[in-house]
Amino acid sequence: ENIAAYLQGMEEGNKEDKASLDGPIMLMWGNAFVFNRKFVEALKDHWPLLGQVASTDNQTSKEGRAVGCPLFMKGRSEWPDSCSQDMIYPALAMNVLPPLKVKVAFPGASGCGQPSKNRRNKGYPLGCWEMQQNPIRGESEAGELAAIKELAQMAKFKDRSEAQAYCDAHENEAVQKNCMKFWDGRNVPLIHHLHTVSEHVLARSILDNDP
(Lines give C-alpha, C1' and ligand atoms only; values in the text may rest on other atoms or scores of the structure.)
Protein backbone atom coordinates (compact mmCIF):
# COMPACT_ATOMS: atom_id res chain seq x y z
CA GLU A 1 0.00 0.00 0.00
CA ASN A 2 2.76 2.45 0.92
CA ILE A 3 4.77 1.61 -2.18
CA ALA A 4 1.76 2.39 -4.37
CA ALA A 5 1.14 5.62 -2.44
CA TYR A 6 4.73 6.76 -2.95
CA LEU A 7 4.58 6.05 -6.67
CA GLN A 8 1.29 7.93 -6.84
CA GLY A 9 2.92 10.84 -5.01
CA MET A 10 5.66 10.92 -7.63
CA GLU A 11 3.06 10.84 -10.40
CA GLU A 12 1.31 13.82 -8.79
CA GLY A 13 4.55 15.77 -8.40
CA ASN A 14 6.26 18.07 -10.87
CA LYS A 15 7.81 17.07 -14.19
CA GLU A 16 11.01 15.83 -12.54
CA ASP A 17 9.06 13.65 -10.11
CA LYS A 18 7.01 12.14 -12.94
CA ALA A 19 10.01 11.57 -15.21
CA SER A 20 11.89 9.74 -12.46
CA LEU A 21 9.23 7.01 -12.38
CA ASP A 22 10.91 5.44 -15.41
CA GLY A 23 14.34 5.18 -13.80
CA PRO A 24 16.04 3.80 -10.69
CA ILE A 25 14.01 4.47 -7.53
CA MET A 26 14.95 4.12 -3.88
CA LEU A 27 12.08 4.74 -1.47
CA MET A 28 13.38 6.09 1.83
CA TRP A 29 11.38 4.80 4.79
CA GLY A 30 13.43 6.14 7.66
CA ASN A 31 15.83 3.33 8.55
CA ALA A 32 14.80 1.05 5.69
CA PHE A 33 15.05 1.50 1.94
CA VAL A 34 13.04 -0.04 -0.90
CA PHE A 35 14.68 -0.53 -4.32
CA ASN A 36 13.03 -1.03 -7.68
CA ARG A 37 14.50 -3.36 -10.29
CA LYS A 38 16.30 -0.59 -12.18
CA PHE A 39 18.05 0.54 -9.01
CA VAL A 40 19.25 -3.01 -8.32
CA GLU A 41 20.43 -3.31 -11.92
CA ALA A 42 22.41 -0.07 -11.52
CA LEU A 43 24.09 -1.49 -8.41
CA LYS A 44 24.93 -4.66 -10.34
CA ASP A 45 26.39 -2.70 -13.26
CA HIS A 46 28.73 -0.77 -10.95
CA TRP A 47 29.38 -3.48 -8.36
CA PRO A 48 33.14 -3.72 -9.04
CA LEU A 49 33.31 -0.21 -7.56
CA LEU A 50 30.39 -0.19 -5.16
CA GLY A 51 31.15 -3.62 -3.73
CA GLN A 52 34.57 -2.69 -2.39
CA VAL A 53 34.65 -2.73 1.40
CA ALA A 54 37.21 -1.81 4.04
CA SER A 55 39.05 -4.79 5.45
CA THR A 56 41.74 -5.63 7.95
CA ASP A 57 44.08 -6.21 4.99
CA ASN A 58 44.21 -2.47 4.40
CA GLN A 59 47.29 -0.90 5.87
CA THR A 60 45.81 2.33 7.19
CA SER A 61 44.38 2.28 10.69
CA LYS A 62 41.22 4.08 9.65
CA GLU A 63 40.29 1.50 7.04
CA GLY A 64 40.98 -1.20 9.60
CA ARG A 65 38.49 0.45 11.93
CA ALA A 66 35.90 0.64 9.14
CA VAL A 67 36.11 -3.07 8.31
CA GLY A 68 33.03 -4.19 6.36
CA CYS A 69 31.96 -0.67 5.42
CA PRO A 70 31.77 0.27 1.72
CA LEU A 71 34.81 2.22 0.57
CA PHE A 72 32.63 4.74 -1.23
CA MET A 73 31.87 6.12 2.24
CA LYS A 74 35.52 6.96 2.85
CA GLY A 75 35.76 10.58 3.91
CA ARG A 76 31.98 10.86 4.34
CA SER A 77 29.74 10.95 7.39
CA GLU A 78 30.53 8.46 10.19
CA TRP A 79 33.68 7.14 8.50
CA PRO A 80 35.55 5.17 9.81
CA ASP A 81 33.69 4.37 13.02
CA SER A 82 30.42 3.08 11.56
CA CYS A 83 28.36 2.80 8.39
CA SER A 84 24.69 3.10 9.25
CA GLN A 85 22.29 2.18 6.48
CA ASP A 86 20.48 5.50 6.86
CA MET A 87 23.76 7.21 5.98
CA ILE A 88 25.03 4.82 3.31
CA TYR A 89 21.97 4.52 1.08
CA PRO A 90 21.21 8.25 0.84
CA ALA A 91 24.89 8.90 0.06
CA LEU A 92 24.77 6.19 -2.59
CA ALA A 93 21.71 7.66 -4.32
CA MET A 94 22.57 11.34 -3.90
CA ASN A 95 26.37 11.48 -4.16
CA VAL A 96 27.93 8.25 -5.42
CA LEU A 97 25.75 7.12 -8.33
CA PRO A 98 25.15 10.51 -10.06
CA PRO A 99 28.84 10.90 -11.07
CA LEU A 100 28.50 7.41 -12.60
CA LYS A 101 25.65 8.84 -14.74
CA VAL A 102 22.97 7.06 -12.72
CA LYS A 103 20.18 9.41 -11.69
CA VAL A 104 18.17 8.00 -8.80
CA ALA A 105 14.82 9.16 -7.44
CA PHE A 106 14.76 8.95 -3.65
CA PRO A 107 11.37 10.05 -2.30
CA GLY A 108 10.86 9.87 1.45
CA ALA A 109 13.01 10.65 4.48
CA SER A 110 16.20 8.93 5.61
CA GLY A 111 15.40 9.47 9.29
CA CYS A 112 12.65 7.54 11.02
CA GLY A 113 9.63 9.60 12.03
CA GLN A 114 10.39 12.41 9.59
CA PRO A 115 7.75 13.69 7.14
CA SER A 116 8.51 14.08 3.44
CA LYS A 117 6.91 15.72 0.39
CA ASN A 118 7.11 15.64 -3.39
CA ARG A 119 8.23 18.69 -5.37
CA ARG A 120 4.68 20.05 -5.38
CA ASN A 121 4.68 20.04 -1.59
CA LYS A 122 2.27 17.13 -1.29
CA GLY A 123 3.11 14.83 1.59
CA TYR A 124 4.13 11.20 1.20
CA PRO A 125 2.78 8.71 3.76
CA LEU A 126 4.93 8.28 6.85
CA GLY A 127 7.41 5.49 6.14
CA CYS A 128 8.64 4.79 9.65
CA TRP A 129 7.14 5.30 13.12
CA GLU A 130 9.85 6.25 15.64
CA MET A 131 9.18 5.00 19.17
CA GLN A 132 11.80 7.42 20.48
CA GLN A 133 9.22 10.10 19.58
CA ASN A 134 6.33 8.23 21.17
CA PRO A 135 4.22 10.77 23.10
CA ILE A 136 2.71 8.03 25.31
CA ARG A 137 5.36 7.27 27.94
CA GLY A 138 8.20 7.09 25.43
CA GLU A 139 10.04 3.81 24.97
CA SER A 140 8.61 2.09 28.02
CA GLU A 141 6.92 -1.22 27.31
CA ALA A 142 3.55 0.11 28.44
CA GLY A 143 3.98 3.24 26.34
CA GLU A 144 4.93 1.36 23.20
CA LEU A 145 2.06 -1.11 23.60
CA ALA A 146 -0.34 1.81 24.00
CA ALA A 147 1.06 3.54 20.90
CA ILE A 148 0.63 0.39 18.81
CA LYS A 149 -3.01 0.19 19.87
CA GLU A 150 -3.58 3.82 18.95
CA LEU A 151 -2.02 3.31 15.51
CA ALA A 152 -4.35 0.36 14.95
CA GLN A 153 -7.32 2.43 16.08
CA MET A 154 -6.44 5.24 13.68
CA ALA A 155 -6.47 2.83 10.74
CA LYS A 156 -10.18 2.26 11.36
CA PHE A 157 -11.19 5.87 10.72
CA LYS A 158 -12.20 7.07 7.27
CA ASP A 159 -10.81 10.61 7.58
CA ARG A 160 -9.02 13.14 9.78
CA SER A 161 -12.19 14.59 11.26
CA GLU A 162 -13.29 11.19 12.53
CA ALA A 163 -9.86 10.61 14.03
CA GLN A 164 -9.87 14.05 15.64
CA ALA A 165 -13.27 13.42 17.25
CA TYR A 166 -11.89 10.21 18.73
CA CYS A 167 -8.82 12.01 20.08
CA ASP A 168 -10.84 14.88 21.53
CA ALA A 169 -12.81 12.40 23.65
CA HIS A 170 -9.75 10.36 24.64
CA GLU A 171 -8.86 10.03 28.32
CA ASN A 172 -5.13 10.26 27.59
CA GLU A 173 -3.89 13.83 27.14
CA ALA A 174 -0.94 12.60 25.07
CA VAL A 175 -3.35 11.24 22.46
CA GLN A 176 -5.45 14.40 22.55
CA LYS A 177 -2.40 16.60 21.88
CA ASN A 178 -0.77 14.33 19.29
CA CYS A 179 -3.79 13.16 17.35
CA MET A 180 -2.43 13.92 13.88
CA LYS A 181 0.88 12.25 14.72
CA PHE A 182 -0.97 8.99 15.30
CA TRP A 183 -3.20 9.62 12.29
CA ASP A 184 -0.16 10.05 10.05
CA GLY A 185 1.22 6.72 11.31
CA ARG A 186 -1.97 4.72 10.78
CA ASN A 187 -0.61 2.74 7.80
CA VAL A 188 3.09 2.93 8.60
CA PRO A 189 5.02 -0.08 7.23
CA LEU A 190 7.86 0.10 9.77
CA ILE A 191 8.24 0.75 13.49
CA HIS A 192 11.66 1.60 14.90
CA HIS A 193 12.85 0.81 18.45
CA LEU A 194 10.48 -1.91 19.57
CA HIS A 195 12.20 -3.61 22.51
CA THR A 196 10.13 -6.52 23.81
CA VAL A 197 8.50 -9.66 22.48
CA SER A 198 5.10 -8.43 23.63
CA GLU A 199 5.43 -5.31 21.47
CA HIS A 200 6.36 -7.32 18.39
CA VAL A 201 3.53 -9.80 18.97
CA LEU A 202 0.95 -7.04 19.39
CA ALA A 203 2.14 -5.13 16.33
CA ARG A 204 2.04 -8.26 14.19
CA SER A 205 -1.44 -9.17 15.43
CA ILE A 206 -3.21 -5.82 14.98
CA LEU A 207 -1.10 -3.86 12.48
CA ASP A 208 0.21 -6.41 10.01
CA ASN A 209 -2.08 -6.80 7.00
CA ASP A 210 -0.07 -9.56 5.34
CA PRO A 211 -2.12 -12.68 4.58
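1. Basis. This is a predicted model, in which local features need pLDDT of at least 70, side-chain atom pairs count only at pLDDT 80 or more, and totals for chains, interfaces and linings use all residues. Residues are numbered from 1 along each chain as its sequence is written, and side-chain values use heavy atoms, with hydrogens and water left out.

2. Helix H11. Helix H11 spans residues 197-206 and includes Glu 199. Helices here are DSSP runs (H or I, at least four residues), and strands likewise (E, at least two), numbered from the N terminus. Glu 199, Leu 202 and Ala 203 are buried in H11. They sit on the same side of H11, because they cover an arc of only 100° around the axis. That arc is taken from the directions from the helix axis to the C-beta atoms. Buried means under 20% relative accessible area, exposed over 50%, partly exposed in between (1.4 Å probe, protein chains only). The buried residues pack against helix H7 (141-154). The face turned away from them carries exposed Val 197, Val 201, Arg 204 and Ser 205.

3. Glu 199. The side chain of Glu 199 does reach the backbone nitrogen of His 195, at 2.7 Å.

4. The sheet. Three strands form an open sheet in the order S2-S1-S3, with mixed pairing. S2 (32-35) and S3 (108-109) are at the edges with a single partner strand each, so one side of each lacks a neighbour in the sheet. Two strands pair if DSSP finds at least two bridges between them. S1 (residues 26-29) and S3 run parallel, joined by two bridges. Trp 29 stands opposite Ala 109 in S3.

5. Salt bridges. The structure holds seven. One joins Glu 12 to Lys 122, with the closest N and O atoms 2.1 Å apart. Glu 12 is in the loop between H1 (2-11) and H2 (15-19), and Lys 122 in the loop between S3 and S4 (129-130), so this pair ties together parts 110 residues apart in sequence.

6. A network. Lys 103 and Glu 16 meet in a salt bridge at 3.7 Å, N to O. They are 87 residues apart. Glu 16, Asp 17, Lys 103 and Arg 119 are linked in a network of salt bridges.

Conventions: Polar contact = N/O pair within 3.5 Å; in protein donor to acceptor, adjacent residues only side chain to side chain. Contact = heavy atoms within 4.5 Å. Salt bridge = Lys/Arg side-chain N within 4 Å of Asp/Glu carboxyl O.
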